[in-house]
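Dear colleague,

Please find the structure below, handed over for your work.

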Amino acid sequence: MNNIRTIDNLPSPKGKPIVGHLPKFNAINKHQVLEEWVKEVGDVFRISLMGKKFIVSANPDINHEILKSRPGQFRRFHKIDEIMSEMGIIGLFNAEGEQWKLHRKLTSEALNLKNVQGFFPTLQRVTERLYQRWNDFASKEAVFDIQKEMVRYTVDITTDIAFGYDINTLQKEKDIIQDQMEKVFPMINERITAPIPLWRYFKTKKDKDFDEAMAAIKLLVHQFIADAKLRLKDNPELQENPTNFLEALLVEQTKSGSLTDKEIFGNVFTILLAGEDTTSNSISWTLYYLAQHPEVVEKVKAEARQVYADANCPSSNEALLSLKYTEAVAMEAMRIKPVTPNLYMQALEDVAIQDLEIKKGMTVMMQNKVAQTDAAHFTNPDAFIPERWIPKACPMHDKHSPQIIRTFGAGSRFCPGRNLAIHEMKMAISMICKNFEISLAVNPEEVKESFAFTMFPENLKVKIKPV
Ligand code: HEM
């Protein structure tokens, strides 16, 4: 009995009276603050934000149990839904209960491996455009920010898949919807951890800008919904074979009547939100390592030449699937730099996991990055070694625990976009290594981890040359 750990007998990093750990935690790079505290007090501890207590866990077994205990015993931290619903976003990421089950079924189907393979023409077209654009950069010896480039890449793919709209930010100046979308994640991030919801009483200029951005996005997406409804009416054959996610949701709405227009908006918007920054940041981090590891680039290039010879990028799904070394490169970057290092889960009932007691209503902040870069789970954990993902290719890496990786979460709410994300990553990485030599235009230590709901590389400036 004495060995039971409760929130009150957990260790805690040094805090301040009343505000507790808030001043430090409120920093832009919350995930690094949590990491520092893990080093200071161990992998399970308590923090207090203005008197409200939270458990923090960097323990991979506990975190796995929590993720697997959904939807019955845990849900996402209620504030995520509160903030997103208030913004008018009612979709899969923040839904719970029966509503979540329906949304999950529709989204998982839309993003299953078979459908993702059907997206190949979109991936190929957008990757070719990225090639053209970078060719131009290479000829001008331009220095540019990779992260911003990769956002264009994933926006173009995701918008096409979500509602069949070729936004083409790679060849045009950015579209209005993209400018507005960029404001959403940082605001969700800010409001979820705000101790007092000041914006409900007094709107700053930033809040007003945000409201305007959301209104513009809603207007545009509702226009897409109206257009798609007309298309389905005029072309009844689309009922059987919808050509994008929005059409598939509208078909379901007609069939079962179970989805409102608000939910259709929420789910299309969720795909845009969940699918863009996560994937673009993951590609950016991969390129951060590749720019420092020419020997890895050589291997990606050799694989590309062997698989699709003279083309600029993979020319078929089969070609893409066979890029095993490139996939290992992506997996390794996502191990060291998971773009969603923190997940917040709230207990729906009293739960005991191992010796840890978690009371109903309590929220656990999971820090998943620490374990992914811990010598207990991976040999030479901070080194970028894609070979560790290739069975038998790296015998000196005896410690290899892929089962503790939480980059895409776990359990019934595991990321439904994983297949699509890995396809996009492989497509971009392979094309870039085959055609360009990439080098950092800043020192590696000048590239900082920044967190705004997802973790991205700030100041990742590079130069490229044609191969
Ligand atoms: C490298 C890219 C990506 C990463 C690292 C990532 C990571 C994650 C993580 C950690 C979660 C939470 C999982 C959990 O609670 O167990 C999640 C959920 C989700 N992701 Fe992704 N994701 C990526 C790409 C995508 C893409 C491309 C899409 C769609 C186009 C997508 C759609 C979603 C949705 C809809 C959810 C909510 C699922 C639910 O609550 O049932 N993600 N993702």
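**Ligand surroundings and cysteines**

A backbone N or O atom of Ala274 lies 3.5 Å from a nitrogen atom of the ligand. Please note that this is a predicted model, and that the distances reported here are computed from it.

A polar side-chain atom of Arg70 is found 2.6 Å from a ligand oxygen, and a polar backbone atom of Ala410 lies 3.1 Å from an oxygen atom of the ligand.

The shell around the ligand comprises 28 residues, of which Arg70, Arg76, Arg104, Arg413 and Cys415 are the closest. By class, this shell divides into 15 nonpolar, 9 polar and 4 charged residues. Three helices, α5 (97-110), α13 (261-290) and α18 (418-435), each contribute at least two residues to the shell. The largest share comes from α13, with 7 residues.

Cys415, listed among the closest residues to the ligand, is partly exposed, at a relative accessible area of 29%. Cys433, by contrast, is buried, with a relative accessibility of 1%.

How many disulfides does the structure hold? The count is 0. A disulfide is a covalent bond between the sulfur atoms of two cysteines. For Cys433, the closest cysteine sulfur belongs to Cys313 and is 13 Å away, which is too far for a bond, since a disulfide requires the two sulfur atoms to be within 2.5 Å.

With kind regards

Note on methods. Residues numbered from 1 in each chain as written. Predicted model: local features only at pLDDT ≥ 70, side-chain atom pairs only at ≥ 80, totals over all residues. Heavy atoms only, no water. Buried < 20%, exposed > 50% of the residue type's maximum accessible area, 1.4 Å probe, protein only. Near = heavy atom within 4 Å. Polar contact = N/O pair within 3.5 Å; in protein donor to acceptor, adjacent residues only side chain to side chain. Helix = DSSP H or I, 4+ residues; strand = E, 2+ residues; numbered from the N terminus. Nonpolar A, V, L, I, M, F, W, Y, C, P; charged D, E, K, R; others polar.
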